[in-house]
Amino acid sequence: MDMKRNGFKAIKSEYKFLNGEETVKPGIDAEYVCTRLIIKVSHEDETTDEAIKDFNKLNNTADLDYNLDKLAAIYGHGWEYFYQDEDAHTRVIAVKPKRCFAVYDDTVRGKALFGVRYEYRKNGKRVGEYMTPAEIVQFEDSKVIERRTNPYGMIPLVEHVMNDERIGLFEHVAGMVTLSMGVFVSCPPVIHTKLA
């Protein structure tokens, strides 16, 4: 699907921030092939175009897009997480849906209220952060470790969805594979005999 809106062009754009805004902004050309693989991102303003190239190089976005597509193919969706490194550069990584989720309100629009990213450490502690448009709160188990202002003003997560149902490519046959494995495992051995 080819869209032209407010001077920007996107082909099959399926990227959306949790607040519903498209990640491709006016003035930026983006082309997509396959599911969501970005081939080229550019801007007519030379300074902005250079900033886009620097961001892509810093975050190795070609690998990032590959990993996000792989997560979407396996799990039906994956998360792109934006954060500030120690030098205040915006960084982005792919996060498995097992380690990240969003909570939405119950309106028809389904506005995202907050996002959560977490993991379990070797010592068994659950650590992570929950993110609102206003703040990012780091936690360890049920204890708040640090609160800071969200530099983005929006939840810094982008969900990459394979389809509306968030079904991975192999989930349609997963039951059959499990069933066939059970049949092979539980079947008695076949004994071949020769009849006289």
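By the rule used here (a side-chain nitrogen of Lys or Arg within 4 Å of a carboxyl oxygen of Asp or Glu), the count comes to 8 salt bridges. This is a predicted model, in which local features need pLDDT of at least 70 and side-chain atom pairs count only at pLDDT 80 or more, while totals for chains, interfaces and linings use all residues. Residues are numbered from 1 along each chain as its sequence is written, and side-chain values use heavy atoms, with hydrogens and water left out.

## The chain overall

The chain holds 196 residues, and 33% of them count as buried. Here buried means under 20% relative accessible area, exposed means over 50%, and partly exposed lies in between, with a 1.4 Å probe and protein chains only.

The accessible surface of the protein chain is about 13100 Å², and carbon and sulfur atoms own 57% of that. Areas come from the Shrake-Rupley method with a 1.4 Å probe, and for residues only the protein chains shown count as cover. As for contacts (heavy atoms within 4.5 Å), 34% of those in the protein chain with a separation of 6 or more are between residues 24 or more positions apart.

## Salt bridges, pair by pair

| Pair | N to O distance | Location |
|---|---|---|
| Asp49 and Lys53 | 3.4 Å | helix α1, 4 residues apart |
| Arg117 and Glu129 | 3.4 Å | strands β9 (residues 112–120) and β10 (residues 126–131), 12 residues apart |
| Glu140 and Lys125 | 3.4 Å | strand β11 and the loop between β9 and β10, 15 residues apart |

Why are Asp49 and Lys53 separated by about one helical turn? Because they are 4 residues apart in helix α1. Asp49 counts as buried at 13% relative accessibility, whereas Lys53 is partly exposed at 45%.

Are Arg117 and Glu129 buried or exposed? Both of them are buried. These two also belong to a network of salt bridges that includes Arg148. In the Glu140 and Lys125 pair, Glu140 is partly exposed at 28% relative accessibility, and Lys125 is partly exposed as well, at 32%.

## Around Tyr81

Tyr81 brings us back to that buried pair. This residue sits in strand β6 (residues 77–84) and is buried, with a relative accessible area of 4%. Which residues is Tyr81 in contact with, leaving aside its neighbours within four places in sequence? Among them are Arg117 and Glu129, together with Arg91, Val92, Ile93, Val95 and Met131. Pro156 and Leu157 are also in contact with Tyr81. The C-alpha atom of Tyr81 is 9.3 Å from that of Ile155, although the two residues are 74 apart along the chain.

## Patches on the surface

Patches are built from residues with over 30% relative accessible area and no salt bridge; like charges are joined within 9 Å, and nonpolar side chains (Val, Leu, Ile, Met, Phe, Trp, Tyr) within 5 Å. Lys and Arg count as positive and Asp and Glu as negative, with His and the chain ends not counted. Each charge is placed at NZ of Lys, CZ of Arg, CG of Asp or CD of Glu.

The positive patch gathers Lys70, Lys96, Lys98 and Arg99. Of these residues, Lys98 is in the loop between β7 (90–95) and β8 (100–104) and is exposed, with 52% relative accessible area.

A negative patch is formed by Glu44, Asp45, Glu46, Glu50 and Asp54. Glu46 lies in helix α1 (residues 46–59), and its relative accessible area of 68% makes it exposed.

Ile74, Phe170 and Val173 make a nonpolar surface patch of about 240 Å². Phe170 is found in the loop between β13 (157–161) and α3 (171–186), and counts as partly exposed at 43% relative accessibility.

## Two positive phi values

Finally, two backbone details. Asn60 is not a glycine, yet has a positive phi of about 45°. This residue is in the loop between α1 and α2 (61–75) and is partly exposed at 40% relative accessibility. Asp141, also a residue other than glycine, has a positive phi near 55°. Asp141 lies in the loop between β11 (135–140) and β12 (143–149), and at 33% relative accessibility counts as partly exposed.
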